[in-house]
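User: I'm new to this one and would like a quick tour. Could you take me through it step by step?

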Amino acid sequence: MRAWVVETPAPIDAGPLRRVERELPSPGPGQVRVRVLCCGVCRTDLHLAEGDLPPRRPRVTPGHEVVGVVDALGPAASRFAVGERIGVAWLGHTDGSCRYCRRGDENLCAAPLFTGWDVDGGYADACLVDEAFAYRLPESLADEAAAPLLCAGIIGYRALRAAAVPPGGRLGIYGFGGSAHLTAQVALAQGLRVHVLTRGEHNQALAKELGADSVGAATDPPPEPLDGAVLFAPAGELVPVALRALDRGGTLAVAGIWLSTIPALDYAAELFEERRLRSVTANTRRDGEEFLRLAERLGVRATTTAYPMADAPRALADLAHGRFGGAAVLVT
Ligand SMILES: [Zn+2]
Ligand SMILES: [Zn+2]
């Protein structure tokens with residue numbers, strides 16, 4: 001089979017990915033093999049290709065928003081049938097026994113395996129997944145529309161809950177790409193007032209189209225104080241900006257796995273009055289199940305730009321340079 005690998009992490013325009021020929025992998029105990037139909041392109045893939053995220057394994061295949069069809073079952077795998085369409089997401093495995101897993105925080109597991117970082121992901125013709133960590137996908141969702149839900153959607157949903165906006169409250173969204181445009185739809189459907197602060201014409205246009213209550217530049221003050229905000233842009237310099245936009249007692253949740261350096265904070269203006277700053281780390285399977293059900297019920301729709309699997313480097317470069325709105329999806 002063909003698979004993209006991160007050969008040597010480098011700026012995306014220098015070509016860190018290479019397409020190689022590999023043997024079709026055989027599923028181990030509890031695993032299934034998935035024939036990839038499509039795979040979403042997540043900013044984490046870009047961080048991995050460029051070396052912001054240190055590689056955990058040499059020549060790993062990126063991709064953790066995989067929609068595919070089960071084509072082989074490993075020993076003792078019984079959850080899915082051959083031919084069934086499933087989704088493969090970022091959280092690939094947890095030990096189930098560490099203190100975090102035991103208290104229900106498997107997203108913080110001390111010994112996790114992540115798809116497309118520790119184990120090969122979906123920028124390939126096929127990949128393996130531990131069946132306990134795969135998702136059934138709502139039938140109403142087309143392949144290409146379902147892919148971005150599997151990381152962008154799930155992580156955004158966890159970040160939205162972390163921002164702790166009360167019913168009918170005011171939410172700020174900083175940065176408006178793949179994850180944010182899905183999160184905004186959930187927030188709007190739940191009756192929040194949504195203010196989008198972002199750069200980029202595509203992103204601002206998409207935010208307006210989806211019905212955001214206001215759209216401004218990333219460093220603009222929102223038109224009203226915020227009960228909570230989510231920072232999707234990987235830009236540490238926006239942390240103080242977003243904290244200043246919070247009302248008393250408000251929470252800023254940082255959704256990304258990587259953030260540039262946060263400048264020094266001004267305690268009185270940015271943190272006092274019980275403003276909170278917190279991060280979001282991966283997700284639990286429960287977050288995933290909950291979000292996929294909600295996405296179906298609320299009619300959350302991903303805006304996607306399709307690229308052939310052969311053009312994975314171009315899709316990542318376009319993401320790096322903000323050349324499309326919504327989410328890119330690689331199609332085999
Ligand atoms: Zn654990
Ligand atoms: Zn991701």
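This is a predicted model: local features need pLDDT of at least 70, side-chain atom pairs count only at pLDDT 80 or more; totals for chains, interfaces and linings use all residues.

User: How many residues are in the largest nonpolar core?

Analyst: Tyr-174 is one of the residues with the most contacts inside that core, and so are Ile-173 and Leu-330. Domain 1 (2-136 + 302-331) and domain 2 (153-279) both give residues to the core, so it lies between them.

User: Which helix gives the most to the side of domain 1 that touches domain 2?

Analyst: The C-alpha centres of the two domains, domain 1 and domain 2, lie 27 Å apart. Their contact takes 14 residues from domain 1 and 13 residues from domain 2. On the domain 1 side, the top giver, with 3 residues, is helix H1 (residues 43-50).

User: Now a histidine: is His-195 buried or exposed?

Analyst: His-195 sits in strand S11 (residues 193-197). Its C-alpha atom is 4.8 Å from that of Gly-172, 23 residues apart along the chain. A residue counts as buried if 20 or more other C-beta atoms lie within 10 Å of its own. His-195 has 25 other C-beta atoms within 10 Å, so it is buried.

Methods
Residues are numbered from 1 along each chain as its sequence is written. Chains are lettered from A and ligands numbered from 1 in the order in which they are written. Helices (H or I, at least four residues) and strands (E, at least two) are DSSP runs, numbered from the N terminus. A residue is buried if 20 or more other C-beta atoms lie within 10 Å of its own, exposed if 12 or fewer, and partly exposed in between; C-beta atoms are placed from the backbone. Domain bounds come from an automatic or database domain assignment. Two residues are in contact if their C-beta atoms, placed from the backbone, lie within 7 Å. A nonpolar core is a set of buried Ala, Val, Leu, Ile, Met, Phe, Trp, Tyr and Cys residues joined through C-beta atoms within 7 Å.
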